[in-house]
Amino acid sequence: MATKENKNTLLEVHNLKKYFPVRKGILRRVVAHVKAVDDVSFFINKGETLGMVGESGCGKTTVGRTLLRLLEPTDGSVTLHTDAGAVDLFQVGGRALKALRKELQIIFQDPYSSLNPRMTVGDIISEPLVIHKIGSANEREARVAELLEAVGLNPQYAKRYPHEFSGGQRQRIGIARALALDPQLIVCDEPVSALDVSIQAQVINLLEDLQKEFGLTFLFIAHDLSVVRHISDRVAVMYLGKVVEMCETEELFQKPLHPYTEALLSAAPIPNPEYQMERIILQGDVPSPVNPPSGCYFHPRCQYAKDICREKAPEFKEYIDGHYSACHFSDELTLKSVRDIEQEQKAYQSNGQSAPAATAPAAEEAPKSDDAPEAPAAEDA
Amino acid sequence: MVKLIEVKNLRTSFYTEDGVVKAVDGVDFTIDRQKTLGIVGESGCGKSITSLSIMGLIPVPPGRIEQGSEILYYRNEGEPPIDLTQLDAKGKEYRSIRGNEIAMIFQEPMTSLNPVYTIGNQIIEAVMLHQNVSKKEARDRAIAMLEAVGIPLPDQRVDEYPHQLSGGMRQRVMIAMALSCNPTLLVADEPTTALDVTIQAQILELMKGLQDKFHMSIMMITHNLGVVAETADDIAVMYLGKVVEYTDVRSLFRDPLHPYTQGLLESIPALTGEKKRLVPIKGMVPDPFNIPPGCPFEPRCPHAMDICRQKMPPLTEARKGHRTACWLYEDEANAKPESAPAAAE
């Protein structure tokens with residue numbers, strides 16, 4: 001078992017697998033499987049945000065949907081710890097499952113396709129209440145007004161239709177719907193990646209406030225590392241259907257143990273033109289999950305790969321307290337972290353650059369727009 | 001610095017049944033030879049329409065480039081420029097420029113390639129349209145270009161269809177196609193937005209390398225401040241069809257002047273440094289049919305004054321080589337003798 005839990009654990013996922021069949025020919029015979037999620041184990045503690053990062057096709061969305069049983073799992077178990085005791089979500093069905101769904105909600109990525117255009121905002125938000133037969137019509141109306149207020153929208157908007165709202169407002173409606181049943185866990189599936197940056201910040205702040213107010217637990221799925229760093233308490237990094245690293249957020253950014261995490265951190269563009277670092281540029285693309293490489297799935301793109309990586313899949317195990325990694329060399333490698341990037345950045349700036357003052361007219365030593373950008377180091381060193 | 005493109009007072013509007021949308025409303029900037037101009041802004045700010053105006057790809061009607069707009073293209077050094085707005089967008093001269101001397105790559109590599117032709121055919125088509133070469137030479141050129149953009153086994157890949165390639169590979173094909181006629185300007189409209197970070201890093205690195213190799217200018221349109229910080233020499237920040245700040249990349253990040261730029265920089269979470277609560281820009285972008293009078297950013301601006309509600313501030317030089325359109329800096333701009341228009345060139 002790769003993960004250990006404590007009494008604070010809300011959700012445990014063990015050896016979760018989700019394979020999609022690939023069918024071919026007239027008989028639609030199954031010729032292969034897409035291993036979208038391939039033996040994933042992790043846990044989420046009460047009240048925390050677990051960030052899940054990875055590139056497209058790594059299976060992060062499938063993890064979120066499978067553990068809500070929006071997709072049926074191929075194998076594995078998901079245990080939810082409620083006040084009434086622990087339940088394996090994959091072993092229940094019918095009425096028991098429906099009751100459990102109250103505790104688990106989801107916010108979708110695309111605010112344009114996740115709201116029914118023919119329903120009013122009030123109907124959309126109260127639908128979960130109707131399905132679970134909660135409250136009278138009047139009570140539901142009051143609840144909708146309360147929820148709209150909680151997500152920062154005018155309660156009068158309940159009578160309007162989704163097309164009357166902007167992307168950011170729609171995402172707020174989606175959040176209100178997820179909150180309607182007072183769930184314990186919300187799976188946020190890329191909730192801000194379809195939004196403009198200024199709106200993104202509004203929605204992130206809202207999610208943080210709601211988490212504090214209602215004691216929510218989030219599984220926050222995203223591909224943007226800076227957003228994940230901002231919102232998560234712990235982070236799980238996925239690559240080709242597997243979790244390759246999991247630990248506390250700062251630990252991940254300061255001391256990554258997996259070479260894929262290192263490359264991911266290094267690839268993120270930094271909005272600071274004064275400092276441009278040496279990037280680790282991964283070669284090639286993510287391999288196909290139908291035919292994953294032998295051994296460690298990351299070895300064809302890994303700069304540290306050795307023979308063993310081609311032959312044996314590394315175990316996902318705990319290296320330091322609460323820091324899990326799936327790499328044969330996590331003990332040996334010293335990987336570049338964000339802290340190193342930061343220090344280089346500082347050293348670079350103090351090395352002959354005046355401090356970047358935000359308000360003072362510091363621009364005088366950046367002479368003219370045309371000759372400044374090309375030789376940053378030489379300028380007044 | 002040698003100018004390649006000079007855009008003066010560009011205004012592109014769309015006449016729809018619901019009213020007129022001034023998508024680009026009085027934009028000025030210059031792209032120098034072998035330099036990269038970054039255009040940054042959120043959706044609806046007019047950055048893509050600016051690029052389509054340069055390419056002569058505005059659908060007419062409903063679109064129209066208004067009288068008085070100028071897009072000066074300095075085709076040959078030392079010769080008078082061509083005003084692209086005066087050319088017939090479907091005419092011979094524009095076609096000799098578009099795709100040949102000024103090429104474009106689009107955001108969506110999935111939808112901008114034709115699925116029923118091999119990638120080789122699509123590149124060969126572009127080459128044969130613009131260059132006087134045989135099919136054999138065009139094919140050789142296509143293979144060479146695929147190799148230049150880092151596609152493995154280019155002589156085999158040239159006969160593959162777009163669906164056989166991954167997103168990053170398709171974007172490389174788009175770049176190969178755009179560069180196949182050796183353009184002087186590459187217009188890149190959100191070239192990495194649809195790609196993953198590790199692939200984005202590959203493509204940005206590739207574009208930088210190719211810029212040096214082919215001596216071209218790049219107009220990089222993006223909403224990602226990290227991407228422009230890495231690639232651009234100069235940056236124009238756009239908001240609701242107007243350039244609100246225009247300077248070199250280092251001044252912009254070191255000393256952002258316009259409240260909108262400051263707001264943008266504060267609202268992105270950082271990968272380094274201390275975590276702090278994000279400061280979002282309040283409200284949202286106004287309806288393009290009802291742009292408020294005065295400064296378009298006024299309803300969202302923390303420093304809004306009375307004058308902001310009445311009059312649009314001009315884009316003036318608030319610091320040396322650093323222009324912004326904001327009344328906050330108007331005194332500083334007026335204090336200096338009027339050298340603004342010449343300085344950024």
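Guide: A helix here is a DSSP run of H or I of at least four residues and a strand is a DSSP run of E of at least two, both numbered from the N terminus. This is a predicted model, in which local features need pLDDT of at least 70 and side-chain atom pairs count only at pLDDT 80 or more, while totals for chains, interfaces and linings use all residues. Residues are numbered from 1 along each chain as its sequence is written, chains are lettered from A and ligands numbered from 1 in the order in which they are written, and side-chain values use heavy atoms, with hydrogens and water left out.

Visitor: Which residue just after α1(A) takes a positive phi?

Guide: Helix α1 of chain A covers residues 60-67, and the residue in question comes just after this helix. With a positive phi of about 60°, that residue is Arg69(A).

Visitor: How many of the eight residues of α1(A) are buried?

Guide: A residue counts as buried under 20% relative accessible area, as exposed over 50% and as partly exposed in between, using a 1.4 Å probe and protein chains only. By that rule Lys60(A), Thr62(A), Val63(A), Gly64(A), Thr66(A) and Leu67(A) are buried in α1(A). The helix is mostly covered, and the number of its eight residues that are buried is six.

Visitor: At what angle does α1(A) run to β1(A)?

Guide: Axes are lines fitted to C-alpha atoms, for helices over the stretch in contact, and angles run from 0 to 180 degrees between N-to-C directions; contact means heavy atoms within 4.5 Å. Helix α1(A) lies across β1 (9-24), β2 and β4 of chain A, and its angle to β1(A) is about 110°.

Visitor: In what order do the four strands of the open antiparallel sheet of chain A follow one another?

Guide: Two strands pair if DSSP finds at least two bridges between them. The edge strands, each pairing on one side only, are β2 (29-45) and β5 (85-88) of chain A, and the twist averages 20° from one strand to the next. The pairing is antiparallel, and the order is β2-β1-β4-β5.

Visitor: In β5(A), which residue is the bridge partner of Leu80(A)?

Guide: Strand β4 (residues 75-82) of chain A runs antiparallel to β5(A), and four bridges join the two. The partner of Leu80(A) in β5(A) is Val87(A).

Visitor: Why are α3(A) and α5(A) roughly parallel to each other?

Guide: Angles under 35 degrees count as roughly parallel, over 145 as roughly antiparallel, 65 to 115 as roughly perpendicular and the rest as oblique. Helices α3 (residues 121-131) and α5 (residues 167-179) of chain A have axes 7 Å apart, and they are therefore roughly parallel, given that they pack at an angle of about 30°.

Visitor: How many nonpolar residues are in the contact of α3(A) with α5(A)?

Guide: The crossing of these helices, α3(A) and α5(A), is right-handed, a crossing being left-handed if the near helix is turned anticlockwise from the far one by less than a right angle, and right-handed if clockwise. The contact is made by Val121(A), Ile124(A), Ile125(A) and Pro128(A) of α3(A) and Ile173(A), Ala176(A) and Arg177(A) of α5(A). Ala, Val, Leu, Ile, Met, Phe, Trp, Tyr, Cys and Pro count as nonpolar, Asp, Glu, Lys and Arg as charged, and the others, Gly among them, as polar. The contact therefore holds no polar residue and one charged residue, and its nonpolar residues number six.

Visitor: Within what distance do the axes of α6(B) and α7(B) come?

Guide: Helix α6 (residues 167-179) of chain B crosses α7(B) at roughly 15°, and that makes the two roughly parallel. The passage is a right-handed crossing, and the axes come within 10 Å.

Visitor: What is the relative accessible area of Val197(B)?

Guide: Val197(B) lies in helix α7 (residues 197-214) of chain B. Not counting residues up to four places away in sequence, Val197(B) touches Glu55(A), Leu264(A), Ala267(A) and Ala268(A). Val197(B) is buried, with a relative accessible area of 17%.

Visitor: In β8(B), which residue is the bridge partner of Ile102(B)?

Guide: Ile102(B) and Met104(B) point one way from strand β7 (residues 102-105) of chain B, Ala103(B) and Ile105(B) point the other way, and all are buried. Strand β7(B) pairs in the parallel sense with β8 (residues 185-189) of chain B over four bridges. The partner of Ile102(B) is Leu185(B).
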